[in-house]
Amino acid sequence: MEHSTWVVALWIWVGFLASGSSSIDSLHQAFPIVEPDPGHTKLRLARQGLEIIESIQNPIAAVAVIGPYRSGKSFLLNQLLSLSCYEGFGVGHMRDTKTKGIWVWGLPVELDIDGVKTSVFYLDTEGFESVGKSNVYDDRIFALATVMSSVLIYNLPETIREADISRLSFAVELAEEFYGRVKGQDVAFEPAKLLWLIQRDFLQGKTVQEMVHEALRRIPNTDGNKNIDQVNQIRDSLAIMGDNSTAFSLPQPHLQRTKLCDMKDDELDPTYVKKREQLKELVASVIRPKIVQGKTLNGKEFVAFLEQILEALNKGEIPSTGSLVEVFNKKILEQCLKLYSDMMAKVGLPLSEQSLQEAHESSRVLSMKAFDEQHFGRHHAKKSAMQLEEEMDKVYKNIILANKYQSSKLCESLYTRCEDKMDQLQVLRLPSMAKFNAGFLQCNQSFEHECVGPSKTNYEQRMMKMLGKSRTLFIKEYNHRLFNWLVAFSLVMVVVGRFIIKFILIEIGAWIMFIFLETYTRMFWSAETLYYNPVWHFVVATWETLVYNPILDLDRWAIPIILLGAIFILYWRCYGKRKHGSRSLLPLYSNHKGSSTRPRTD
């Protein structure tokens, strides 16, 4: 192990030389990675130690030792690393303690864990209950060590006190949030393995595990003391977490504790040396790479993870599991919100309110299902779930506004198109009720089919008013325009029959029609009774049949037909007589002045 350790150290040292770093003179020493702020209430990162960790490419594992102030944590770590007090972590009784915050030993131990090369860092933490510190600061140290470590060694001298159990409240809450998912295949976040280390020479006939079980047994609370209830709850939870914790006893190395740093192994108690080696093997057997979000972390990822945790722990007045859950769930929440937004973006707007609501519910259910499958925590995850609901509601409200806009834009376009169509039908060259009704029906049907969304109701009302006014105006002008057209048509046919075709029957028919419209109708019918007369209805039906039918739209083809007719008449007038002579099947006008049969005289 020592050989591999030096190989790793050499590799890290070369890496630092290549990067031009000169701030770290030697890796064979301890470095701070987290230090207290000036007020000694919150924590902040120390870049010097983090540079060492960031250079590691292998999966990272961390072994952290926690415990009361001056309980031998630093000495224990030196023993686990086979280091003397003069080269390892600073030991309190021989010099001023350096352990303020959290320190890391610069040389990671490389282990082969399940076929994966893993770099193991050993962490020393500032002791609890020292002078000049707040309980909140101790809680932050404990919480950070609990979250970042793979193995958490709880170093306790002599026995387990009520205060020691109470301090595990954060670890219990953290395990309750995350530990349940470790047992399944989906490993979201693996809490540290808790190792109770009792430094005691005599256990009075009990194993250390029995001692721990006895300490975690509920105590009677006949007086209803809230503090006792709270500690009992922690006891119950720790008992349930039994498969994630173990216990180990370690005797005192020597009676003269102040001289321990000057003693070699052959001077220490043989029982201690034997148990120490067993402890090394036990720690090595339970170490696993740190797993976050289902994957192991290399050096840079571990430091980024540490930054997230520290930010969460410093956020409130006291460190809380809820703030950690929010950190872990933040990325998952963003992914699920993006999933919802992407699904809603595929919905073509505008939609009816019911269809949009159905799309929202379907997308929301799928997003919440994805969150439920991936989220961290059980109790505090409800807050993240509520936040996801709120964020989806915000997106949905924006989509509702966009749907209203798109619906209004579409319906306005259809309304304007129908309005233009109605205006065109009002000024037909040849008025046709059938054509107006066909255009009216087409507008109405296209609007009903194409206009969708929340604006449809409002535009339907506007559409009905507009169509109603257009119909009323058209009907009002229709009979009058048709009457004028018929009068004009009769006069045109008089001219055509008299001067162009010279067909007497056409001229006579046109005169009869003109006299009927201008004299008889005015003498015997009023304008109102004319339009309700069966004769007029027959005229209207005939006109409608000629002007607009499935075969011919005379209003559209009137000018081309007139031009073709004029060309045909000119051709017939100019070339027809030459080809066929003076024969004619039609009763044409005859001019006898130029064809006298009287005998010619000189």
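In this predicted model, helix 13 (residues 381–426) and helix 14 (residues 433–450) have axes that come within 10 Å and cross at roughly 180 degrees. The two helices are therefore roughly antiparallel to each other, since angles over 145 degrees count as such. On the helix 13 side, the residues that meet helix 14 include Leu-410, Leu-414, Arg-417 and Leu-425. Their counterparts in helix 14 include Phe-436, Gly-439, Phe-440 and Glu-450.

Helix 13 also packs with helix 15 (residues 456–500), at an angle of about 0 degrees and with the axes 10 Å apart. Helix 13 is therefore roughly parallel to helix 15. Here Ser-407, Glu-412, Glu-419 and Met-422 are among the residues of helix 13 that take part, and Tyr-459, Met-463, Leu-473 and Arg-481 are among those of helix 15.

The nonpolar cores are considered next. The largest nonpolar core has 89 residues, and those with the most contacts inside it are Ile-33, Tyr-122, Leu-144, Ile-153, Trp-196, Leu-279 and Ile-287. Helix 4 (residues 135–148) gives the most to this core, namely eight residues. Apart from this core lies another, of 29 residues, which includes Leu-414, Tyr-415, Leu-486 and Val-487.

Beyond its neighbours within four places in sequence, Leu-279 is in contact with Leu-76, Leu-80, Leu-195, Leu-197, Phe-248 and Leu-250.

Conventions:
Residues are numbered from 1 along each chain as its sequence is written. This is a predicted model: local features need pLDDT of at least 70, side-chain atom pairs count only at pLDDT 80 or more; totals for chains, interfaces and linings use all residues. Side-chain values use heavy atoms; hydrogens and water are left out. A nonpolar core is a set of buried Ala, Val, Leu, Ile, Met, Phe, Trp, Tyr and Cys residues joined through side-chain atoms within 4.5 Å. Buried means under 20% relative accessible area, exposed over 50%, partly exposed in between (1.4 Å probe, protein chains only). Helices (H or I, at least four residues) and strands (E, at least two) are DSSP runs, numbered from the N terminus. Contact means heavy atoms within 4.5 Å. Angles under 35 degrees count as roughly parallel, over 145 as roughly antiparallel, 65 to 115 as roughly perpendicular and the rest as oblique.
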